[in-house]
Amino acid sequence: MFHPKVILRIIGLLLQLEAVFLALCIGISVYYGENMMPAYLYTIAALVGTGLLLTYIGYNKERNISRKDGYIVVTLCWIVYSLFGAMPYYISGYIPSITDAFFETMAGFTTTGASVVSDLDALPRSLVFWRIMTQWIGGLGIVFFTVAVLPIFGLGDLHLFAAETIGIARAKLHPRISVTARWIMTIYVCLTIIETICLKLAGMGYFDALCHAMSTMSTGGISTKAGGIAAFNSPLIEYIIIAFMLMGGTSFSLLYLAIFKLRPGDLFRDQEFKSYLKMVAIFTVVIGIGLYITENMSAEGTVRTALFQVVSVITTTGFSTVNYSQWTPVLWLLLSAAMFVGACSGSTTGAMKSIRVAILGRVMQNEFKRIIHPNAVIPVRMGRSIISEQIQSAIMAFTLLYVGMVIVGIFVNMCFGLNLVDAYGLSLSSVSNVGPGLGNYSSANAMVTLPTPLKWFYCFQMLVGRLEFFAVLLLFTPVFWKRR
Amino acid sequence: MKIVIAGAGAVGTHLAKMLSEENENVVLMDEHEERLGKMESMFDLKAMVGLPTRISDLEAAGVDSADLFVAVTPDESSNITACILAHYLGAKKTIARIDNYEYLQPKNKAYFESLGVNSLIYPEQLAAEEIATGIKYSWMRQMLEFGDGALVMIGVKVRENSGILNIPFKELARDIPYHIVAIQRGDTTIIPRGNDVIEADDLVCFMTTKDQIPYIRSICGKEKYTEVQSIIMMGGGRIAVRTANLISKKVSVKIIESDMKRCRRLVELVDDSIMIINGDARDPELLASEGIHETDAFIALGDSSETNILACLSAKRAGVHRTVAEIENIDYISMAESMDIGSVINKKKLAASNIFQMMLKTDVSSVKCLTFIEAVVAEFPVREGAAITRKPVKDLGLPRGANIGGLVRNGEGLRVSGNTMIQADDHVIIFCLEHVLKKLEKYFN
């Protein structure tokens, strides 16, 4: 069953909320004395107008949202948000093409952080802030964000959540989903504030500190400077960002328990968190050794660079301190393997997620065991709990979709004349919401040279990857639209 | 004494039968008429159909005047509820059978007491503990600990290579660090006296201190037995789960279960290291592919006693030298013994002996039953002025079929001779045939 009126009403409400976020940018632009008023005011007017219109059309007593409605609302609201979010770039004339403006916003909301802006330093600070704001909202999810701030959807929250969840759903922190969302939101905001303070103390200005903190926690990876993190030239800042990227890649429910409920033990007993740390350690050591042999760097520098790049890529943030495409090929290939793995479910990251990789590993091990013991009943265990066959098959379907999407991306990219390395890097990076790719596209703002159709395809890949395939691709299945 | 037993399953019927033979007034109730079957016509007890959790049924069973209420249905929640209700209606003592290890923890005891549940029994746990100790010492049939481990009772089947065969007791019994409390030869139980001798294939019960266990092992000629490192279990019932979780840290365990649904449940219940195999444990090909020839012990815990016996026999033929069978049919136990099955586990006897001790009027720290002999070993704390402290042991005139195995004084295990005077605060460990236990009460009052 579809409830078109309810869908319209929710989208309308969400649009009005976006206007509030955009209003924050006006503050920044006034502070910096920028001539950006028309761009913001027109956009806000459009948002509020459309929002009110949709709420008016959708006004009725119906409060139920079906599961199908949930998927439509989530996919639609990510697209509509990006469309309206692109307006300030276009109206102000800093990004004169609609394609580029939409690309820029979608890259923001999906926390990919890829960019078509070649000279970032020339952009008004308030527009830079808007880019980072889109990431910060997209980090936990647009619907999630809304439910946490204003529990307006009533009974439909659950279905909306299901469509937007990152990774495998965990046990709720609180019986009510809106309270759970608020708690997770609190930890998200607190960590962002703490990081801002840390970065300020480490020598950044207030604006840079806040923007980088928002960018790190959402694992988006947009910087305020054209030179990125390297422009600050401070090992301390790099270490702070490493630490908070690691936290951004951790399940926020676990972080909540560890920090607010003082139960850090839960964090270190968690199988996924353990395998996440293990992955980070393994990749860092291997790449570190590789760097030490091939590059002429100090020991500390090698460790820091390796750790920074691995954490940045595995959490799908996409910050970089060096141009890793100039490393020995095997090293950046290893980094791309880290992109596949990803961090924890329930975080702000993209890609496979450690839990899925760990479960797939167990499934594979079990298949070997089964050859020797054909009659054995071998469960897939994560810690004490047993992964049901239903979840196992969902994970395998997910993996197939993920890898399939990357491969399709490679084909499409190569059709437009990219070489294999560029095509692979771009495809993987967009599906996993990392940002920078490989080869010629190894810096986040190199996307400006992409042909227009590829930019649209890139947007599609980012959205599909961010909403974990099923939510978006479901709308393309005939069974979804069947009446019965 | 009036006893109401709720639940006519294996444990309930055995208990009812045993108690009615002891001339107690037994009421056996169960909600299913067919389970009560011919109990009433075969034994001197009252059988009634009723739900143990329904107050009117409990009243009809006469719970208000009962001295003991025993709830042994398969469902622990019903058992606990039934006990709470029985206590409320006026039963003096209540016992509930449970299936949850957490409930047994000492810190929860007071709470259950306050609910009106005086004690909890967990037959599967008792059986699992017994299997686990049996596996640890693969050369003996059974080991029981008394006085917090100060004294142990060991049952060993002696073979022809033993050094203590055919020596009359009056010669054997000089300066030995152990005491032989009983010998089981075929169907007869012998409480040894001066001229008796131990013969090959006898089952001998030794009472000794823990540090003498290696010595007992050497005189019985059991040195060649290797330690158990791998086990195959047949049947994934509750005993198997408890046992597997008790021993899985030291040995590798495989459980073979034929019901696929149960297999799926099992993987949630047991530790990670235990492998669950779906199949029929009587299938020699399956056993061979799971490495029965390299397995040290085979434990048959299936539903049917006959199958368990046969499975153990075939495991023996495949070269497993340590087998344990769960035999719920008490008549088969001596038969299983003559077929060299190895240890026998009987959940009913374990539960019954446990419940039995609660019926004694005197304090008794523990009553443990021997699976291979129709006998129990009881540990009695001695009170100030009890009859047993007045005369040396040889003049006490203990009933036939009872034998003092030893005593624990200040935490130290001591042997008892004819001239020993038992003192207050000692713990006396007495071996006795099952029906003699009640007669011992008077010595301790």
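The structure is a predicted model, in which local features need pLDDT of at least 70 and side-chain atom pairs count only at pLDDT 80 or more, whereas totals for chains, interfaces and linings use all residues. Residues are numbered from 1 along each chain as its sequence is written, and chains are lettered from A and ligands numbered from 1 in the order in which they are written.

The contact between the chains, with two residues taken to be in contact if their C-beta atoms, placed from the backbone, lie within 7 Å, draws 12 residues from chain B and 7 residues from chain A. On the side of chain B that touches chain A, two or more residues each come from helix H11 (260–269) and strand E14 (275–278) of chain B, where helices (H or I, at least four residues) and strands (E, at least two) are DSSP runs numbered from the N terminus. That side of chain B comprises 6 nonpolar, 2 polar and 4 charged residues, with Ala, Val, Leu, Ile, Met, Phe, Trp, Tyr, Cys and Pro counted as nonpolar, Asp, Glu, Lys and Arg as charged, and the others, Gly among them, as polar. Strand E1 (residues 376–377) of chain A pairs with E14(B) in the antiparallel sense over 2 bridges, pairing being assigned if DSSP finds at least two bridges between two strands; within this pair, A:Val377 stands opposite B:Ile276.

Chain B is divided into domain 1 (2–121), domain 2 (122–225 + 321–445) and domain 3 (230–320), with bounds from an automatic or database domain assignment. The centres of domain 1 and domain 2 of chain B, taken over C-alpha atoms, are separated by 29 Å, and their contact takes 17 residues from domain 1 and 13 residues from domain 2. On the domain 1 side, H1(B) gives the most, with 5 residues, and by class this side has 12 nonpolar, 2 polar and 3 charged residues.

Elsewhere in chain B, strand E18 (residues 366–370) is largely enclosed by the rest of the structure, because 4 of its 5 residues are buried, that is, 20 or more other C-beta atoms, placed from the backbone, lie within 10 Å of their own. E18(B) pairs with strand E19 (residues 375–381) of chain B in the antiparallel sense over 5 bridges, and the two strands form a hairpin with 4 residues between them. The bridge partner of B:Val367 in E19(B) is B:Ala378.

How values were computed: A residue is buried if 20 or more other C-beta atoms lie within 10 Å of its own, exposed if 12 or fewer, and partly exposed in between; C-beta atoms are placed from the backbone.
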